[in-house]
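Visitor: I am new to this structure. Please show me how to read its features, one at a time.

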Amino acid sequence: MTVSGLVDMATNDGRFQMRILGDVGRKSSDDTSRRIVRKNQELALAGKPGGGGTRPYGYRADRVTVLPTEALVIRAAVAHVLAGESLRSIALDLNRRAVPTSTGGPWTVQTLGRMLRAPRLAGQRSYRGTIVASGGWEPIISPEDSARVRGTLAERAKTGRRDSRRYLLSGGLLRCGRCEAVLVSRPTAAGTRRYVCARGPGQPGCGKIAILAEPLEAFLVEAVLFRLDSPEMAAVLEGRAREDATTAALQAEIDADKEQLVALARTHGERL
């Protein structure tokens with residue numbers, strides 16, 4: 001049955017009519033598809049945002065109005081990537097601080113990477129993976145930083161490696177002396193590495209502490225090496241640490257027995 005009535009598929013005429021109807025329907029579908037493609041190309045070349053789908057992170061539903069709180073998250077993530085942080089560590093930090101995606105869900109490496117690679121963050125319009133025009137909306141990051149992020153992530157994907165970790169103490173190892181919030185890695189505008197107590201949306205810190213990364217890391221590395229070189233640490237590594245007097249006495253007997261066994265072995269070896 002068709003919209004125009006019954007078609008008898010048992011007859012040659014019926015099958016012929018059905019083939020014609022199928023060809024007409026396929027041509028109509030192809031024409032519609034071509035019109036959609038042509039319209040999308042026109043919008044892209046004119047620098048207008050594409051429609052449909054989930055709203056892009058950093059912008060409201062109109063796709064052109066910047067959301068300040070999400071823009072801060074994007075700029076911080078870009079700085080972390082350019083400073084050598086992995087997408088995984090950034091996503092874990094966002095989820096730890098309960099910063100949601102544009103759909104309200106948690107961040108994944110794929111979601112974060114796709115968002116950071118988007119030229120729209122720099123006010124650029126892309127079409128099928130190629131930047132074709134300047135967009136008519138406010139950028140969140142500069143075109144230079146956007147290109148650097150895409151290049152950095154592409155290089156990591158190509159080599160299977162990421163840049164060496166430039167922040168030795170990131171990942172919750174440092175805390176603010178004023179409010180106890182975890183210090184985060186955040187370079188200055190000139191690129192100088194530092195740790196700061198971040199304050200703002202999704203950042204629980206007081207914003208009153210900032211310290212340069214290089215001298216702090218050098219100090220702590222020296223302190224760790226000094227501690228590892230101490231007699232107390234050597235005793236722990238050799239299993240000779242004492243928890244109490246009883247344990248110490250038993251360990252002393254074991255040490256004496258070991259010395260006696262060594263002496264007996266030497267005597268036996270000399271056939272005495």
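Guide: Start with A71, which counts as buried because its relative accessibility is 1%. Buried means under 20% relative accessible area, exposed means over 50%, and partly exposed lies in between, with a 1.4 Å probe and protein chains only as cover. The model is a predicted one: local features need pLDDT of at least 70, side-chain atom pairs count only at pLDDT 80 or more, and totals for chains, interfaces and linings use all residues. Residues are numbered from 1 along each chain as its sequence is written, and side-chain values use heavy atoms, with hydrogens and water left out.

Visitor: Where is the place of A71, and what does A71 touch?

Guide: A71 sits in helix α2. Helices (H or I, at least four residues) and strands (E, at least two) are DSSP runs, numbered from the N terminus. Contact means heavy atoms within 4.5 Å. Leaving aside residues up to four places away in sequence, A71 touches V66 and I140. The C-alpha atoms of A71 and Y59 are separated by 8.1 Å, and the two residues are 12 residues apart along the chain.

Visitor: How many residues does helix α2 have, and which of its residues are buried?

Guide: The expected span of a helix is 1.5 Å times one less than its number of residues. Helix α2 (residues 68–82) has 15 residues and reaches 21 Å from its first C-alpha to its last, close to the 21 Å expected. Its buried residues are E70, A71, V73, I74, A76, A77, V78, H80 and V81. They pack against α3 (87–96), α4 (109–117), α5 and β3.

Visitor: What is a nonpolar core, and which residues have the most contacts inside the largest one?

Guide: In soluble globular proteins, nonpolar side chains tend to be buried together. A nonpolar core is a set of buried Ala, Val, Leu, Ile, Met, Phe, Trp, Tyr and Cys residues joined through side-chain atoms within 4.5 Å. The largest core here has 25 residues, and I74, W107, L112, M115, L116 and I140 have the most contacts inside it. Helices α2, α3, α4 and α5 each supply at least two residues of this core, and α2 gives the most, with 6 residues. Another core, of 12 residues, lies apart from it; L174, C176, A181 and C197 are among its members.

Visitor: What does L112 touch?

Guide: Not counting residues up to four places away in sequence, L112 touches L87, I90, A91, L94 and W107.

Visitor: Is T101 buried or exposed?

Guide: T101 counts as buried because its relative accessibility is 11%. This residue is found in the loop between α3 and α4. With residues up to four places away in sequence not counted, T101 touches Y57, P106, W107 and T111.

Visitor: Which residues have a positive phi?

Guide: R63 has a positive phi of about 70° although it is not a glycine. R63 is in the loop between α1 (12–45) and α2, and counts as buried at 13% relative accessibility. A98, also a residue other than glycine, has a positive phi near 60°. A98 is in the loop between α3 and α4 and counts as exposed at 62% relative accessibility.
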